[in-house]
Amino acid sequence: MGTHAGSCLCGAVAYEFDDPVVQFCYCHCPRCRKATGSAHASNIFVRPDQFRWTRGQEQVRRYDLPEAKRFAKCFCVTCGSPLPHATRAGDGVIIPAGSLDSDPGVKPQCGIWWSARAPWYLSTAELQQHEEGLR
Ligand SMILES: [Zn+2]
Ligand SMILES: [Zn+2]
């Protein structure tokens, strides 16, 4: 059992959560693509009592998608990085795994909304990998 920390790109906001992770899934839905700018969200779910902000909570803004039953996102007002948000029902906190500062020690268990994945999606196993950036 341990505690894991995360933060936004500019460092103004930081948080931590305690093990155990309830669920860790990729979400391929179109809303998650828009919200992350990426092929899929990488979402860790924990209970509310496992989560706390440790810095800059006043810099966190929340957006609840009006037409959605539960879709929301939080982000840093300075750098725009995705940050954890509480579910509207108050029964959990969804943590964007890319904001973690270190290895949470767990891997994703599943992907959801596979039927709605981006038409251009390829698994990383199908791509030529470079240790660093292309010149
Ligand atoms: Zn920031
Ligand atoms: Zn989604």
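One term before the residues: I call a residue buried under 20% relative accessible area, exposed over 50%, and partly exposed in between. Keep in mind throughout that this is a predicted model.

Start with the disulfide. By the distance rule, the count comes to one. Which cysteines does the disulfide join? Cys25 and Cys110, with an S to S distance of 2.3 Å. The pair links distant parts of the chain: Cys25 sits in strand β3, residues 23-27, and Cys110 in strand β11, residues 110-112, the two being 85 residues apart. The torsion about the S-S bond of Cys25 and Cys110 is about 60°, so this disulfide is right-handed.

Now the accessibility of the two partners. Cys110 has a relative accessibility of 33%, and because that value lies between 20% and 50%, Cys110 is partly exposed. Cys25 has a relative accessible area of 3%, so Cys25 is buried.

Which residues supply the protein donors of the zinc ion, ligand 1? They are Cys8, Cys10, Cys76 and Cys79, each through SG, lying 2.3 to 2.4 Å from the ion. The angles among the four donor atoms run from 106 to 114°, and the site of ligand 1 is tetrahedral. In sequence, the donor residues of ligand 1 follow the spacing C-x1-C-x65-C-x2-C.

Is Cys10 buried or partly exposed? Cys10 comes out at 40% relative accessibility, so Cys10 counts as partly exposed.

Then the zinc ion that is ligand 2. Its protein donors are Cys27, Cys29 and Cys32, again through SG, and they lie 2.2 to 2.3 Å from the ion. Water is not among the atoms, so sites may look incomplete. The sequence spacing of the donor residues for ligand 2 is C-x1-C-x2-C.

On accessibility, Cys27 is at 7% and therefore buried. Cys29 has a relative accessible area of 11% and is buried. Cys32, at 8% relative accessibility, also counts as buried.

To recap the cysteines: Cys25 and Cys110 form the disulfide.

Key
Residues numbered from 1 in each chain as written. Chains lettered and ligands numbered in written order. Predicted model: local features only at pLDDT ≥ 70, side-chain atom pairs only at ≥ 80, totals over all residues. Heavy atoms only, no water. Donors = N, O, S within 2.8 Å, 3.2 Å for Na, K, Ca; no water. Buried < 20%, exposed > 50% of the residue type's maximum accessible area, 1.4 Å probe, protein only. Disulfide = S-S within 2.5 Å. Helix = DSSP H or I, 4+ residues; strand = E, 2+ residues; numbered from the N terminus. Tetrahedral: all angles 85-135°; square planar, octahedral: opposite > 155°, others 65-115°.
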